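Here is a note for a colleague who is meeting this structure for the first time. The points below are meant to be read with the sequence and the model side by side.

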Amino acid sequence: MNRRRDVLLAAVGGLFAPMRIRAQPVVRVWRIGILLSTSRTHPGASRLVAPFLAGMRERGYVEGRNLVFEWREADGRLERHPALAAELVALKPDVIVAGAPDAALAAKKATDTIPIVFVASADPVGAGLVASFARPGGNATGVGSFAEPLNGKRLQLLQEIAPGMRHIAVIHGPSPVNKREIAAARDAIAALAFEDPMV
């Protein structure tokens with residue numbers, strides 16, 4: 001009886017042995033949602049996208065092997081951010097990369113659980129992306145450019161380079177983030193006594 005059992009176990013083991021040999025290790029496939037304010041081929045975006053993709057490859061993350069990108073592009077229409085962010089959240093990516101502060105804000109409103117990485121924000125705290133630099137909290141992290149505090153210094157340098165200059169114009173878009181930067185620029189213009197700022 002024992003011999004018969006041993007033969008049966010050996011036969012079953014023999015059937016599964018080739019499967020063990022043929023079995024490939026399971027590769028985790030990471031899904032990254034990318035939300036851009038422009039198209040990825042736009043010069044402003046492509047100079048960030050290409051190094052990002054190269055960096056991922058250098059770290060062993062290769063699209064089609066262990067990485068899937070879900071691209072959503074607003075093509076310059078900021079009002080599309082909320083719908084595009086909702087589409088990404090529905091796909092349940094491992095992380096959402098936001099290419100602009102407005103895109104990051106839309107993603108943050110769409111989810112409080114999926115990690116969000118924003119590429120640059122002039123003021124992540126003021127924009128509401130993080131609670132503070134010391135304790136950001138929440139699900140968003142990224143890089144701040146500190147553009148607002150530098151506005152005064154830039155204008156001061158401009159005044160030193162061209163001391164006779166009395167008028168200045170600031171060109172900006174409709175983004176709420178830009179509005180905060182413009183307010184900081186207005187304060188700096190007033191402090192440096194430029195005349196009739198055109199903003």
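1. Overall layout. Please keep in mind that this is a predicted model. The protein chain comes to 7 helices and 7 strands, and along the sequence these follow the pattern α-β-α-β-α-β-α-β-α-β-α-β-α-β. Of the 199 residues in the protein chain, 32% are buried. Among the contacts in the chain with a separation of 6 or more, 59% are between residues 24 or more positions apart.

2. Within H2, the buried residues include Ala-45, Val-49, Gly-55 and Met-56. These residues cover an arc of only 130° around the axis, which means that they lie on the same side of H2. Pro-43, Arg-47 and Glu-58, on the other side of H2, are exposed. Strand E1 (30-36) and strand E2 (67-73) are included in what covers the buried residues of the helix. After H2 comes Gly-60, which has a positive phi, near 90°.

3. The side chain of Arg-72 makes a polar contact with the side chain of Glu-87, at 2.7 Å. Leaving out residues up to four places away in sequence, Arg-72 touches Ile-34, Leu-35 and Leu-36, and also Leu-84, Glu-87, Leu-88 and Leu-91.

4. Most residues other than glycine have a negative phi. Lys-92 is placed in the loop between H3 and E3, and at 66% relative accessibility it counts as exposed.

5. Asp-94 and its surroundings. The loop between helix H3 (81-90) and strand E3 (95-98) also holds Asp-94, which counts as partly exposed at 27% relative accessibility. Which residues does Asp-94 contact, once its neighbours within four places in sequence are set aside? They are Arg-28, Val-29, Trp-30 and Arg-31, together with Ile-114 and Pro-115. With Arg-28 there is a polar contact between the two side chains, at 2.5 Å. Asp-94 and Val-29 are 65 residues apart along the chain, and their C-alpha atoms are separated by 9.8 Å.

6. Strand E3 and its pairing. Strand E3 has both faces covered, with Val-95 and Val-97 buried on one side and Ile-96 and Ala-98 buried on the other. E1 and E3 run parallel and are joined by 4 bridges. In this pairing, Val-95 of E3 is the bridge partner of Ile-32.

7. In soluble globular proteins, nonpolar side chains tend to be buried together. In this model the largest nonpolar core has 20 residues, and those touching the most other members are Leu-35, Ile-96, Ala-104, Ile-116, Phe-118 and Leu-129. Two or more residues of this core come from each of H3, E3, helix H4 (101-110) and strand E4 (116-121), and H4 gives the largest share, 5 residues. There is also a second, separate core of 10 residues, which includes Ile-34, Val-49, Met-56 and Phe-69. Returning to Ile-116, and not counting residues up to four places away in sequence, this residue touches Ile-96, Ala-107, Lys-108, Thr-111, Asn-139, Ala-140 and Thr-141.

Notes
Residues are numbered from 1 along each chain as its sequence is written. This is a predicted model: local features need pLDDT of at least 70, side-chain atom pairs count only at pLDDT 80 or more; totals for chains, interfaces and linings use all residues. Side-chain values use heavy atoms; hydrogens and water are left out. Buried means under 20% relative accessible area, exposed over 50%, partly exposed in between (1.4 Å probe, protein chains only). The arc is that of the directions from the helix axis to the C-beta atoms. Contact means heavy atoms within 4.5 Å. A polar contact is a pair of N or O atoms within 3.5 Å; within protein, one must be able to donate a hydrogen and the other to accept it, and residues adjacent in sequence count only if both atoms are side-chain atoms. Two strands pair if DSSP finds at least two bridges between them. A nonpolar core is a set of buried Ala, Val, Leu, Ile, Met, Phe, Trp, Tyr and Cys residues joined through side-chain atoms within 4.5 Å.
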